Amino acid sequence: MNYFQLFHLPAQFELDLTELGTRYLELQRQFHPDKHAAGSERDKLMAVQQAANINDAYHSLKQPLLRAEHLLALRGLKISNEQRSFMEPAFLMQQMELRELLAEISDASDPDALIDEADQQIQQQKKALLRQLQSALDANNPEHDHQAADIIRKLKFFFKLQHELELIEQTQD
Amino acid sequence: MAYSTKVIDHYENPRNVGSFAKDDPSIATGMVGAPACGDVMKLQLKINAEGIIEDAKFKTYGCGSAIASSSLVTEWVKGKSIDEAALIKNTDIAQELALPPVKIHCSILAEDAIKAAIADYKQRHGN
């Protein structure tokens with residue numbers, strides 16, 4: 001299923017989240033099961049199915065990485081659920097160093113300073129990668145699509161780091 | 001999800017955690033990661049002139065299964081030649097640790113870490 005089509009949005013990475021939200025509410029109203037309560041069994045079933053599709057689509061389009069994965073899948077490059085290991089030594093070494101930095105926070109004399117440092121590095125890298133992802137996807141050709149897939153893989157590590165950092169921040173409070 | 005007793009054992013008492021000096025010519029370093037869960041694994045092998053793995057160390061940031069898989073692998077590779085170590089399959093690791101299907105990728109990561117370390121060694125020793 002093409003989520004962009006379902007929401008009448010152009011199949012591209014850049015997306016107006018307000019517009020997405022408005023379309024979501026419209027579609028939800030249109031396919032709300034209550035509106036089809038008087039219809040045939042088949043109608044009701046279709047409305048329930050469509051409501052589920054709308055929720056899935058909204059969830060995927062809202063999040064940049066899922067949106068990028070969906071866009072690639074529509075272009076024939078499926079990378080969700082892949083179990084392949086990522087093997088770029090320099091990138092992984094940097095990940096390891098950031099993980100080590102995160103591990104130091106709990107014993108640090110000034111944990112807030114380390115949290116800020118880690119947060120800054122993660123945000124900076126994430127921003128740069130998201131920019132690269134945007135231009136790779138905009139190029140819309142197989143070579144750039146493969147580059148985009150690699151950028152998504154890298155971004156997943158940074159989203160994970162951000163999550164780990166948030167967990168650490170919670171225990172610091 | 002319940003971890004097997006072997007996973008818990010390796011997770012609570014991980015074998016061979018740590019690092020060797022990276023630039024020591026007898027040390028091979030393999031770095032791998034799993035984008036799906038953000039796990040990062042570093043496996044280092046100390047290889048002697050006869051191509052036998054004398055020692056191994058690992059550092060893994062990830063779930064219990066990923067830590068257990070890498071810990072187990074450091075035990076398995078010791079005393080093996082690099083060619084023998086290259087034959088270790090993720091299915092052996094998964095079976096030994098009784099990993100559930102959703103954690104198979106952790107054993108794949110550990111197998112790939114051995115391969116990456118051996119590739120690093122071969123690249124540095126020119127064959």
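Predicted model: local features only at pLDDT ≥ 70, side-chain atom pairs only at ≥ 80, totals over all residues.
1. Helices (H or I, at least four residues) and strands (E, at least two) are DSSP runs, numbered from the N terminus. Residues are numbered from 1 along each chain as its sequence is written, chains are lettered from A and ligands numbered from 1 in the order in which they are written, and side-chain values use heavy atoms, leaving out hydrogens and water.

2. Let's start with the sheet in chain B. Three strands form an open sheet in the order β1-β2-β3 (chain B), and their pairing is antiparallel; two strands pair if DSSP finds at least two bridges between them. Because β1 (27–34) and β3 (53–61) of chain B are the edge strands, with a single partner each, one side of each has no neighbour in the sheet. From one strand to the next, the twist averages 15 degrees.

3. Next, the β1–β2 pair. β2 (residues 39–47) of chain B runs antiparallel to β1(B), and eight bridges join the two. One of the residues to look up is Val32(B), whose bridge partner in β2(B) is Met41(B).

4. Helix α2 (residues 64–77) of chain B lies across β2 and β3 of chain B, and runs at about 175 degrees to β3(B). Axes here are lines fitted to C-alpha atoms, for helices over the stretch in contact (heavy atoms within 4.5 Å), and angles run from 0 to 180 degrees between N-to-C directions.

5. Now the largest pocket, with a volume of about 470 Å³. A pocket is an open set of points on a 1 Å grid over the protein atoms alone, where a 1.4 Å probe fits, with protein on both sides within 12 Å along at least five of seven lines; lining residues have an atom within 4 Å of a point. Of its 20 lining residues, Glu69(A), Lys156(A), Pro35(B), Ala36(B) and Cys37(B) lie nearest the centre. α4 (64–74) and α7 (142–172) of chain A each supply at least two lining residues, and α4(A) gives the most, with four.

6. The second largest pocket holds about 220 Å³ of space. Its lining includes Met87(A), Met93(A), Lys22(B), Met31(B) and Arg124(B). α5 (89–104) of chain A, together with β1 and α5 (104–124) of chain B, each give two or more residues to this lining. α5(B) gives the most, with five residues.

Note on methods
Points joined across faces, edges and corners; volume = space filled by probe spheres on them.
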